[in-house]
Structure formats: C-alpha cells, structure tokens
Amino acid sequence: MSLPTISLESLVSSKSFDKLLTIAKSAGCASSSCGSSAKPDEMDSAVWEKIKDHPCYSEEAHHYFARMHVAVAPACNIQCNYCNRKYDCANESRPGVVSEKLTPDQARRKVIAVANEVPQLSVLGIAGPGDACYDWKKTKATFERVASEIRDIKLCISTNGLALADHVAELADMNVDHVTITINMVDPEIGAKIYPWIFYNHRRHTGIDAARILHKRQMLGLEMLTARGILTKINSVMIPSVNDEHLTEVNKWVKERGAFLHNVMPLISDPAHGTHFGLTGQRGPTALELKTLQDRLEGGAKLMRHCRQCRADAVGLLGEDRGKEFTIDQISDEITYDASKREAYREVVARERGDHVVAKSEAVATVKAAGSSKSLLIAVATKGGGRINEHFGHTTEFQVYEASQRGISFIGHRKVEQYCLGGRGADATLDSIIAALKGIDIVLCAKIGDCPKDQLAEAGIRAMDVYGYGYIETAISALYAAEFGSEPLAATA
C-alpha cells in the first residue's frame, strides 16, 4: 500500500505531530519488514542492520535520517595543510570549524534537545574540531553520558588515525560500530607534502618521518577495526597534482584491509579560510575532475558519493545544518529525553522506505529496458525523503544522478547560492548557479519560475517542475524513457 504524497517537512513539523502519530499507528507494513525490504540483495543482514539508518554509511538512508556532531574534542595531534581549526565560524561550512565548544555534560544536554525536536536524528558523531581519539577522555565521557539515556542512537567517530589503535578495544566495548579515518596517502613522500608535522610518543615529527609513522598507525588502526567487526569509512581529500593520481593506491590499500567505504572529497582551499593550501594557491578539483577520479575507482573499495564535508558541530540531514537552533544558551540545564517523536517518525519512514524501494526498482528496470548506451545527468532540488520537494529558488544544493544502461545512480551534489533572496543580485546568482550546473542535462524541482527556466534553457539545461513531489528515480526513469524511446513502467509516487 502506497502512502499519500507527503513532504519531509510535513512529517517533522511540530504542527503535524498528531498526524505523524496517527500515520505511525495506522495499518500498513511494519517497520521491521519495510526496513528489510530496502536491504541490497548482496549485503549481509548484520551489516545492513548497522548501516540502514546511518546517513553517512548508506546512500539510501541519507534521504531520511540525520546526523549530529558535538564539538567536544578540540585538541589535535597532527597538522594538515588543508586544515585550519576555527572557533565561532558560523558562516563557514567545512570540517574543523565550530560555533561553540562543549564539555561532555553540555554535549549530553544538546543531544537530548536535538533528539526531542529532530525526529530524523539517528547518529551522534564526534569529529573534532581536533581529533576524537587524541582528545579521548572527552570523547569517551560524551559517548557514555549520551548512550546511557538514548540507547538506540548510533555512535560514530572521525579520526586521523594516529592515536586510533590505542582505543579500538574501548570503542568496541562502547558499541561504537562506525569509525571514519582520514587517509590521504600510503606513500610517505606524498604524505610529507600534506602533513607538516605530527605529535607522537611525546614529541613532534616532521617531513617523511612524520608521514611514515602516520601511515603505519593508520593501517594498524584500520586492520584492528576490521578484526573487531567495526565498519570503517575512509575519507581522502583530493588535492590536484599532490595526491589525485595516488588515491587509486590508497583505494587498493584500504580495500585490502577491510574498509567498508571510501569517500573521496574535494579539497576546500579558499584563502579566506587561512589554510596553508589556501594561502599558497593550491586549487581544489573541479566537479568533473572529482567525478572522473571516482569513476576510475569503481571496482575497488565501495565509494561514498553523498558526503557533504560537514562542520564539527553540524546538526540535521546531510546538506543542511540546524546547529544555530540548538546553541547551548537556548537549552535548559534540566532536560529530559522524550523518545515519542523519534519513534513515531521511524514508523512512518519505514512505510515510506518500503514504498520508495518498489518505485526505485521499477524505475531502474525502465531505464535498463531502454537499451540505450547514452546517459543523462540530472540535478534534483530536494529536502530529503527521496522526493523532488524543493523549489528552485530556495535550494542551496542540488543532488546529481546519472541515468544510463547500468540504471540510476546518485553521483554527487552541487552547492549553489540561493536564487530567491528578495530580488537582490538575482542575475549574478543565476549565472553562478548555471556555472555550478555545468554538464547537467536536466534540473528537476518542485517549482520554478519562467525567468530562471528560460535562462537555464539558453545555457542548454532543461528545467522542469512537472514531477514535483514525486520520487526522484520515478521521474528520472520517465525522462530517460521519453528521451530514448522506451515506455516507462507504472510509477509509484
């Protein structure tokens, strides 16, 4: 049975909470059955249970579930040429920056406040702004406090790997089953170009010596996590002319050592951020260069393509940040966890996911049946839920899909300036959006005006809103079938 077309906003707004509870309690598929129906056929059931609600480890889950990072670990034991840890940087959206640093007790209060108001929340991560394993006492204390009250929340850390091996046993004891390690090299000579120094065994190491130590410690930590059954995601920063070609070797090494995912991210090198690479003119890769490298890595360690390079205090669905709504000064000293909203949301999403799986399967079959060797790149304005549910003028990010004879694949995202800002600088903003959408064939959104639609068309990009609020894959399959002469299957929307 299909759910009526609903927006993610309607599911989580406080005004519709009674409706949310009614839907959750109504007849339909149970959450356990719908949750399992979304499992990829080739995936082990135990692994699926670990990742099915984790937005970073499951591309499918990122449509429905949110993550939260708490900035409790400011100390770091290495220096990266692409990093500048900053405090009180509300307008920068990149790793290593925060608006407020928290104690473990403050973090506990903040997580409870978010869990009570953001029913999508499924994951608590510690990603700095320094290193979660080096600032271990704060990391451990935070996890212990939160897990004692919100028992179903997934715990996740991000680390550079230098101190990781020292804490693998404790991570396993705390049921932390997701760890992200940033690994940018397996060749110390390349590593020396990325890391000026590390701090290990009570002293500072520099150059190739530092990179050699870091490499050995990263591989040891990864191997220990694999042996414990802890899933690992490897983050690698793509730095043109430094490690871009070398990342194929990184991919091979981490796959051999059991990494679950490999996430290749573009270098962020704006001089305003004050990083060494930014100040010395090192450029980041273009979207096409990043996609080309990711395509070359297919067949190695499984790739993650939906990363948003989140702040160390990010809150919300991937691609959004609601952190300003939950600053510590807005949270009561005495706060109690209320599980009802999260539980109701999960019931509704379980039914929606089951419906989505059916629609996606039909859509992929339609695209493959076309028998065409051609492909389409499609940018989608979405708020989540796997639907086309954002207005063109309101979006700050498009999700990009590729339809080809292999099916329908999510391949990345394109960040843009918001077009509708009261008429201020609209023409310049649209020019920057068109530049960001280079190579895109079609834009799908819930609504779009004639003016931006016409200007996109002049740039060779078709934009349409006729599929608004339907499933993304269903719309893509209909477009692909129409483009290449095949009749689409009946669509679930």
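**View 1. Arg204 sits over the ring of Trp197.** The charged end of Arg204 is 4.0 Å from the centre of that ring. A charge sits over a ring if NZ of Lys or CZ of Arg is within 6 Å of the ring centre and within 35 degrees of the ring normal. Arg387 has its charged end over the ring of Tyr471, 4.1 Å from the centre. The model is predicted: local features need pLDDT of at least 70, side-chain atom pairs count only at pLDDT 80 or more, and totals for chains, interfaces and linings use all residues. Residues are numbered from 1 along each chain as its sequence is written, and side-chain values use heavy atoms, with hydrogens and water left out.

**View 2. Strands S2, S8 and S9 form an open sheet.** The order is S2-S8-S9, with antiparallel pairing. Strands (E, at least two residues) and helices (H or I, at least four) are DSSP runs, numbered from the N terminus. Two strands pair if DSSP finds at least two bridges between them. S2 (78–79) and S9 (203–206) stand at the edges with a single partner strand each, so one side of each has no neighbour in the sheet. S8 (residues 197–200) is joined to S9 by 4 bridges. Ile198 stands opposite His205 in S9.

**View 3. Phe65 and Tyr345 form an aromatic pair.** Rings of Phe, Tyr and Trp (its six-membered ring) pair if their centres lie within 6.5 Å; planes under 30 degrees apart count as stacked, over 60 as edge-to-face and the rest as tilted. The whole structure holds 5 aromatic pairs. Phe65 and Tyr345 are edge-to-face, 6.3 Å centre to centre, with 90° between the planes. Phe65 lies in the loop between helix H4 (45–51) and strand S1 (66–69), and Tyr345 in helix H13 (residues 340–369), so the pair ties together parts 280 residues apart in sequence. Phe65 is buried at 2% relative accessibility. Tyr345 is buried at 0%. Buried means under 20% relative accessible area (1.4 Å probe, protein chains only).

**View 4. Phe392, Phe398 and Tyr419 form a cluster.** Ring pairs link these three residues, Phe392, Phe398 and Tyr419.

**View 5. The largest cavity has a volume of about 780 Å³.** A cavity is a set of points, on a 1 Å grid over the protein atoms alone, where a 1.4 Å probe fits but cannot get out; lining residues have an atom within 4 Å of a point. The lining of the largest cavity has 45 residues, and Pro95, Ala127, Ser158, Thr182 and Asn235 lie nearest its centre. S6 gives the most to this lining, with 4 residues.

Methods
Buried means under 20% relative accessible area, exposed over 50%, partly exposed in between (1.4 Å probe, protein chains only). On a 1 Å grid over the protein atoms alone, a cavity is a set of points where a 1.4 Å probe fits but cannot get out, and a pocket is an open set with protein on both sides within 12 Å along at least five of seven lines; lining residues have an atom within 4 Å of a point. Grid points are joined across faces, edges and corners, and a volume is the space filled by probe spheres set on the points.
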